[in-house]
Amino acid sequence: MSEEKDKPTPKSIEEILKLIARGETLTETQQKQMNDYKFWKTQPVPRLDEAIDSEGPINGTLTPADIPDEPLPLLDSFEWSDVDLDSEAEVEELYQLLYEHYVEDRDATFRFKYSHEFFKWGLKPPGWRKEWHVGVRIKETGKLVAFIGAIPITLKLNKSGKLIPSVEINFLCIHKKLRSKRLTPVLIKEITRRVNKVDIWQALYTAGIILPSPVSTCRYTHRPINWSKLHDVGFSHLPPDKTKSSMAAHYALPNSTSTKGLRPMEKRDVQQTFDLFNKFQEKFDIVQIFELEEFEHWLLGGQSSDVASKVIKTYVVENEDGKITDFFSYYLLPFTVLDNPDHSELGIAYLYYYASDTSGSDQYKLRLNSLINDALITSKQFNVDVFNCVTSQDNTYFIKDAKFGSGDGFLNYYLFNYKTWPVHGGIDKQSKEVVDDQTSGVGVVML
């Protein structure tokens, strides 16, 4: 029951297979998904119908010496190109590629509007490697027409205690006119080759569609901040039994926060917040393990000294004794609004990491709801119109009370070359509805 627009969600591969069995003709989108499915069947990932009976690498016999030194061949008109994120000109090229050719909603009404700062934050954490920012250019013109990025991460499966050196894959984008060239499998194989050469064999990635085979599935939820604007641009719809004024009033927020000791996080808070976070993360099944330097990068926004331009916003709660008891964070990723005479942009916030040392289930739920309500309030100063989160972490403890509405989109989490037990994603397995007040198993947040 959503009144919001989500990322596109083509039919699942199971439904497409049923269409094929009935002899029906697939749409272009469905045919692409079927081709993707055939590709993934060749990769070290669990089959869709595979019962997981053990945990560990699928292919654990290779070494870097077994991996070719040379890049995969491309069609003659294309060439590989590492995208240099220290070059403003090349960052602008990446921005233009993703702006024009990355994810759009079904009606092509909205587009992600990544900033240069976002790429530097999201693709240059400690340990980043230039050769993992993989581009494809047209030889004749030098135009950037495809990209895939990887960053180093360490995953931990808390139930078994296993640490998994990995990469996070993101920003896979192909120019719309080149989607028939089957560049996606080549990009995936090439980034895999480059990562394998430094002795890393696992990866974490997400997709809105079903591929072989999700570790977990979360649901998108949305909390309107400026409902009137969302309605004006077609993001939110007016229920038949409501008025515009009643909807705006329903989502109205106070002008000031309520948590005593709440303030923006500073560099001096990093160690305390880091310790709080690590303790909090023990409750989830799959988490990312950060070094202190990494944690500072992700929560304070990297090397930029321009506070206003930082895409990540982090707040801590400091008590009278100087102890950090709680924190929350969210990042900003606006949408461009297309073909609307009154609005050109939507301000979007995405919940990132948070933690609290509050104990007791009732007290914890109250505390978390209070913190998230303050997060919503603080987001108004950054011109946020809608605040998004998925049903990971402990988000189901506040989704209902904080007036988040379930969206139509789902986020599937995948592990490359690793089998693990299914992880609870905060939704009912059959109905896909949010399961209130239940800790999910997903403690890792991806951009």
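In the predicted model, a salt bridge joins the side chains of E100 and R111, with an N to O distance of 3.3 Å. This pair links distant parts of the chain, E100 being located in helix α3 and R111 in strand β2, 11 residues apart. E100 is partly exposed, since its relative accessible area is 31%, and R111 is buried because its relative accessible area is 15%, below the 20% cut-off.

Confidence was examined for the chain. The average pLDDT is 91, and 91% of the residues score at least 70. Residues 1-10 have pLDDT under 50 throughout, and for this stretch the model has 45 contacts beyond four places in sequence.

Strand β2, which carries R111, belongs to an open sheet of three strands in the order β2-β12-β13, with antiparallel pairing. Strands β2 (110-112) and β13 (345-346) stand at the edges and have a single partner strand each, so one side of each lacks a neighbour in the sheet. Strand β12 (residues 335-337) pairs with β13 in the antiparallel sense over two bridges. T336 has E345 of β13 as its bridge partner.

The salt-bridge count comes to 29. One of these is formed by the side chains of D82 and R194, at 2.7 Å from N to O. D82 lies in strand β1 and R194 in helix α5 (residues 183-196), so this pair ties together parts that are 112 residues apart in sequence. With a relative accessibility of 31%, D82 counts as partly exposed, whereas R194, at 10%, counts as buried.

A further salt bridge connects the side chains of D437 and K365, with N and O 3.0 Å apart. The pair links distant parts of the chain: D437 is in the segment after β16 and K365 in helix α10 (residues 361-379), 72 residues apart. D437 is partly exposed at 35% relative accessibility, and K365 is also classed as partly exposed, at 24%. Elsewhere, a network of salt bridges links R263, E266, R268, D269 and E318.

Aromatic pairs were also counted, and the structure holds 43 of them. Among them, W40 and F416 form an edge-to-face pair, with 6.4 Å from centre to centre and 70° between the planes. Because W40 lies in helix α2 (residues 28-40) and F416 in strand β16, the pair ties together parts that are 376 residues apart in sequence. W40 is buried, with a relative accessible area of 7%, and F416 counts as buried at 9% relative accessibility. The ring centres of F277 and F290 are 5.8 Å apart and the planes stand at 55°, so this pair is tilted. It links distant parts of the chain, with F277 in helix α8 (residues 270-280) and F290 in the loop between β9 (286-289) and α9 (292-300), 13 residues apart. F277 is buried, its relative accessible area being 0%, and F290 counts as buried at 4% relative accessibility.

N417 is found in the segment after β16 (405-416). N417 is buried, having a relative accessible area of 3%. A polar atom of the N417 side chain lies 3.2 Å from the backbone oxygen of W201. Leaving aside residues up to four places away in sequence, N417 touches P44, V45, P57, I58, N59, W201 and Q202.

L85 occupies the loop between β1 (78-82) and α3 (88-101). With a relative accessibility of 2%, L85 counts as buried. Beyond four places in sequence, L85 touches V91, L94, F119, K120, L123, K124 and H133. From L85 to K162 the C-alpha distance is 33 Å, and the two residues are 77 apart in sequence.

Helix α4 (residues 116-123) is mostly covered, as six of its eight residues are buried. The buried residues of α4 are E117, F118, F119, W121, G122 and L123. Of these, F119 and L123 are among the residues touched by L85.

How values were computed
Residues numbered from 1 in each chain as written. Predicted model: local features only at pLDDT ≥ 70, side-chain atom pairs only at ≥ 80, totals over all residues. Heavy atoms only, no water. Helix = DSSP H or I, 4+ residues; strand = E, 2+ residues; numbered from the N terminus. Buried < 20%, exposed > 50% of the residue type's maximum accessible area, 1.4 Å probe, protein only. Contact = heavy atoms within 4.5 Å. pLDDT = per-residue confidence, 0-100. Polar contact = N/O pair within 3.5 Å; in protein donor to acceptor, adjacent residues only side chain to side chain. Pairing = 2+ DSSP bridges. Salt bridge = Lys/Arg side-chain N within 4 Å of Asp/Glu carboxyl O. Phe/Tyr/Trp six-rings, centres within 6.5 Å; stacked < 30°, edge-to-face > 60°.
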